[in-house]
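Hi,

Here is the structure I promised to pass on to you. Please have it open while you read; my notes on it follow below.

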Amino acid sequence: MRKTRGLGEAGPALPLPPALPASLTSAPRPLAMSAEGHRARMRAKLLAHGPDALLDHELVEMLLFLALPRRDTKPIARALLSRFGSLGAALSAPVAELRQVEGLGEAGMAALKTAQAAALRLLRAELRDQPVLDNWERLLGYLNAALARERVEQSRVLFLDSRNRLLADEAQARGTVNHTPVYPREVMRRALELHATALIVVHNHPSGDPTPSEADRAMTAELQRAAAALGLALHDHLVIGNGRHFSFRQAGLL
């Protein structure tokens with residue numbers, strides 16, 4: 001008679017499944033109490049004394065720990081400033097380069113780009129509802145923040161109303177490291193759509209040297225002729241370098 005194995009008798013051993021990697025079986029390590037205390041002290045300092053009370057790397061830390069609550073963000077913040085050289089350069093760095101910073105991840109990159117967008121919108125908002133030509137330093141501050149660290153040339157047009165208030169600030173084109181096309185017909189068409197009466201054309205030089213090229217001079221003359229034919233004023237053409245700018249109006253070229 002065939003013997004039936006009882007419940008207590010061991011059968012042949014079955015192979016065990018392979019062990020999962022530790023990263024999949026263990027929960028993320030909580031921050032040490034000292035790191036939590038550090039974050040609390042920085043929050044208190046910011047709220048009590050304002051953003052000027054924080055150093056650049058501390059501001060970056062705070063941005064990142066909102067996006068990366070379970071990470072120690074101090075080494076990431078220091079790596080960003082070491083790699084890019086400044087807070088502004090880190091915020092405006094291309095996403096492709098940010099991806100190379102260890103530990104930053106999608107959430108960290110999104111936090112930096114959100115801060116950059118908020119800063120630019122704040123600066124642009126300060127230009128609205130007041131004559132742009134009466135706030136020249138504020139305008140240059142905004143344009144430097146928007147364009148000075150770009151790695152390729154891009155052109156923008158500021159469309160103004162009859163009181164020289166900002167109607168729109170629009171990117172027209174992105175080009176290469178030393179050239180960007182501007183099409184006067186498209187600029188004038190857009191000016192008519194917005195009922196603009198004046199323009200300021202802006203582009204950047206990624207080299208950092210704002211000296212206009214012969215192509216820049218020729219394009220400015222073409223824009224001036226097209227604007228005059230429609231009764232529009234071309235107030236200026238600004239070339240933005242790294243911390244410097246060139247004004248066609250101030251140089252007597254308009």
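**Notes on the loops and helices**

Let me begin with a loop: Asn-164 sits between strand E1 (154-160) and strand E2 (166-174). Helices (H or I, at least four residues) and strands (E, at least two) are DSSP runs, numbered from the N terminus. Phi of Asn-164 is positive, near 60°, in a residue other than glycine. For background, most residues other than glycine have a negative phi.

Before going on, some housekeeping. This is a predicted model, in which local features need pLDDT of at least 70 and side-chain atom pairs count only at pLDDT 80 or more, while totals for chains, interfaces and linings use all residues. Residues are numbered from 1 along each chain as its sequence is written, and side-chain values use heavy atoms, with hydrogens and water left out.

**The chain as a whole**

The protein chain has ten helices and five strands. Of its 254 residues, 40% count as buried (under 20% relative accessible area; exposed is over 50% and partly exposed in between, with a 1.4 Å probe and protein chains only). Take the contacts (heavy atoms within 4.5 Å) between residues at least 6 apart in sequence: 58% of them join residues at least 24 apart.

Is His-195 buried or exposed? At 66% relative accessibility, His-195 counts as exposed.

Ala-196 belongs to the loop between H9 and E3 as well, but Ala-196 is buried, with a relative accessible area of 6%. Leaving out residues up to four places away in sequence, Ala-196 touches Phe-159, Leu-160, Leu-167, Ala-191 and Leu-232.

In H9 itself, the buried residues include Pro-184, Val-187, Met-188 and Ala-191. They cover an arc of only 95° around the axis, so they are on the same side of H9 (the arc is that of the directions from the helix axis to the C-beta atoms).

**H3 and H4**

How do helix H3 (residues 56-67) and helix H4 (residues 74-84) cross, and at roughly what angle? Their axes come within 8 Å and cross at roughly 125°. Axes here are lines fitted to C-alpha atoms, for helices over the stretch in contact, and angles run from 0 to 180 degrees between N-to-C directions.

On the H3 side, Asp-56, His-57, Val-60, Glu-61 and Leu-64 take part, meeting Lys-74, Ile-76, Ala-77, Arg-78, Leu-80 and Leu-81 in H4.

Thr-73 lies in the loop between H3 and H4 and is buried, with a relative accessible area of 2%. Neighbours within four places in sequence aside, Thr-73 is in contact with Arg-39, Glu-61, Leu-64, Phe-65 and Leu-68.

The buried residues of H4 are Ile-76, Ala-77, Leu-80, Leu-81 and Phe-84. Seen down the axis of H4, they fall within an arc of 130°, so they line one face of the helix. As a reminder, an α-helix has 3.6 residues a turn, so residues three or four places apart point the same way. The buried residues of H4 pack against H3, helix H5 (87-91), helix H6 (95-98) and helix H7 (105-125). After H4 comes Gly-85, with a positive phi near 95°.
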